[in-house]
Amino acid sequence: MNLSDPIIELKGVGDELAGKLAILRIRTIDDLIEDFPRRYEDYSTITSAKNLRPGPVTIKAKISSVVGRYVRRGMHITEAIASDDTASVRLVWFNQPYRAAAIRAGQDYFVAGEYRLSRQRFSILNPSVELVSDFPINTARIIPVYRETKGLKSNQIRRLIREALNIVKELPEHLPAWLIKDQKLLAYKEAIGEIHFPSSLDLWEQAKRRLAFEEIFQLTLAALLNRQEVLAEKGLAIPFNEKLAKDFVLKLPFKLTNAQRKVVWAIYQDMAKNQPMNRLVEGDVGSGKTVVAAMAALTAMEQGFQVAFMAPTEILARQHAETLLNLLGNVGYGDQVGLLLGSLTPAQKKTAHQKIADGTIRLIIGTHALISEKVDMHKLGLIIIDEQHRFGVGQRKKLQAKAGHMPHVLHMTATPIPRSLALTLYGELDISVLDEMPPGRQKIKTKLVSPNSKKTLYKQIDKELAAGRQMFVVCPVITETGASRGLSAEETFKQLSEHEFKHRKVGLLHGRLKPAEKERVMQDFIDRQYDILVSTTVIEVGVDVPNATVMLIVGAERFGLAQIHQLRGRVGRGAHQSYCFLMLSDSKAPIQRLRALENTTDGFRLAELDLELRGPGAIYGSIQHGALDLRIANLSDMKLIAAARAAAQNFIDKKEDIDNYPHLVSRVTALRAVTNLN
Ligand code: ADP
Ligand code: MG
């Protein structure tokens, strides 16, 4: 038998049980044994009946006088006496009428349960009982407790796991022998056995380490293999033109920050190699990524190559086009800049297509439709991707096919990526960090607000609006549900536009609107048709509205710190003092975590805090990152990550053939699709 076999193949599993397991998303034997316990209960100490103390206990005893009866209103009670050499104790089960028939007189049992006072008598309540053996699963050990579902309890799952362990015993090891030895790991079968049925705390910890190591090893190996595949492609060596770069920098109205210079330099070196660049530039909102992108683009354009610049929305594409036209216009490349959007008229599109095909337009700015549309970019040398995480090998291959070679790729993001994630989830990319803000940035005043001070706050905000400024209001959900009273964008919109701010113009934006409607609402806000824009996090990415000075986050405790930090970056982009108000949904909401936002503007620090406090889902939840679904490893365990990554590199350096490790192949193949950000 194999781990990948359907669960129904397992002894003791029929259709009905398989159906219940499917509810827990357990479909294969592998799913079952990787369904690690949620917690454990310690019944490992066997006590004599005479020495029982209130709490969880196990005794070894014979059971007699088992009597079941219905008491009132359908309530059933089974009582019995358990005796060892030292004393007798009463056992009581509620509503388990089958107990009486299941117990055999004269046999030795382990009896485990809660010993406590019930109706004036000490008893063991609802105990698990099983015949004494050298591998009990419900008693006399540290007992695993699993996720349960209706009609499927932990004791049944224990029985199945016990059965599956017989299969695991027969399986080959998942990892190379040298790796197990180097890292002093438990063998796979031992680790799986110990994680479910720990024989000691020490072995349980070793099991956890082994399994976590394996998970991170798979993840980093997947990333490194992706990376290797890209590097094996022949790329275009595009040398940079020093004179042109200097000229460009001289004509900027500001001096580049040191961080910008370092990052541009790294990009130039990448592009000059005949291997394709695959670099991620991360820099907080406002750190000046666009200039960096422009310098990369200019280098490719000067050498006669085309550049595709992709933004997440049409509005952002337009804003970028305007900026880039300015920047490149300074050095005489303005007429090579073109915009290609779905919303252009057919005639405009046709002209754009022609100019792209004949090479007059070298910098093509658009949305992701640039890849799928029939655009003839046969001289494509560089792809720049702004603010999105879904561009991977698959898409790159498409463009490669289109261009006839593998272009360089530059990703840009304002999402701070802690080092641990850079090495795992983003391990296939080279990463540069713009860790320095241009000088003279105003500080956004951030303040936590209790719902009781709403009135005062709205008065203060209205002064801003009266002075011509605008406000974003961000809500955690679109529509009202029981659990989100007053926190939805729809309800907030209604409330603000009909009451508190009925003298102002209020707009509503959320993810259920069609893309064109979303763009229109956003554009109207930019054009000051609205004073207030109520929305969900759809405004998170990149849009520039310098006149907006207030960011009001509703139900702030529902957001991750890094996410709020990104939202906060939507204001403070103009000359006016800006504010970020974190409104709590009730006065008892936990605020300790959110205080960090008042005190720091360091996106990395906030992301690290998020990772620590709430796990990676809090930062990258919106990306639905499959690899975040780690079962046991902790993505903030830097020591483990460093060791696993070194081991993965070692695996590659040793030229190990991954096909010799069938289990590893299947995991890594699945993960490669995820870590390549596809
Ligand atoms: P982001 O990293 O968020 O994309 P942008 O590229 O939009 O940031 O830059 C934000 C603003 O900062 C722009 O107005 C840009 O012109 C300006 N800027 C960029 N680099 C510098 C610099 N070195 N000194 C001063 N201002 C800069
Ligand atoms: Mg930007």
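Which of the 14 residues around ligand 1 come nearest? In this predicted model, where local features need pLDDT of at least 70, side-chain atom pairs count only at pLDDT 80 or more, and totals for chains, interfaces and linings use all residues, side-chain values rest on heavy atoms, with hydrogens and water left out. Residues are numbered from 1 along each chain as its sequence is written, while chains are lettered from A and ligands numbered from 1 in the order in which they are written.

The residues that come nearest to ligand 1 are K255, G286, K289, T290 and R441; a residue is near if one of its heavy atoms lies within 4 Å. By class, the shell comprises 4 nonpolar, 6 polar and 4 charged residues (nonpolar: Ala, Val, Leu, Ile, Met, Phe, Trp, Tyr, Cys and Pro; charged: Asp, Glu, Lys and Arg; polar: the others, Gly among them).

Polar contacts with the ligand (pairs of N or O atoms within 3.5 Å) involve several side chains. A polar side-chain atom of T290 is 2.6 Å from an oxygen atom of ligand 1, and an N or O atom in the side chain of K289 lies 2.8 Å from an oxygen atom of the ligand. For Q260, a polar side-chain atom is placed 2.9 Å from a nitrogen atom of ligand 1. The protein buries 72% of the 570 Å² that ligand 1 exposes when taken alone (Shrake-Rupley method, 1.4 Å probe).

S154 belongs to helix α4, residues 154-170 (helices are DSSP runs of H or I, at least four residues, numbered from the N terminus). S154 counts as buried because its relative accessibility is 3%, the cut-off being under 20% relative accessible area with a 1.4 Å probe and protein chains only. Leaving aside neighbours within four places in sequence, S154 is in contact with V145, Y146 and E148 (heavy atoms within 4.5 Å).

Terms used:
A polar contact is a pair of N or O atoms within 3.5 Å; within protein, one must be able to donate a hydrogen and the other to accept it, and residues adjacent in sequence count only if both atoms are side-chain atoms. Helices (H or I, at least four residues) and strands (E, at least two) are DSSP runs, numbered from the N terminus. Buried means under 20% relative accessible area, exposed over 50%, partly exposed in between (1.4 Å probe, protein chains only).
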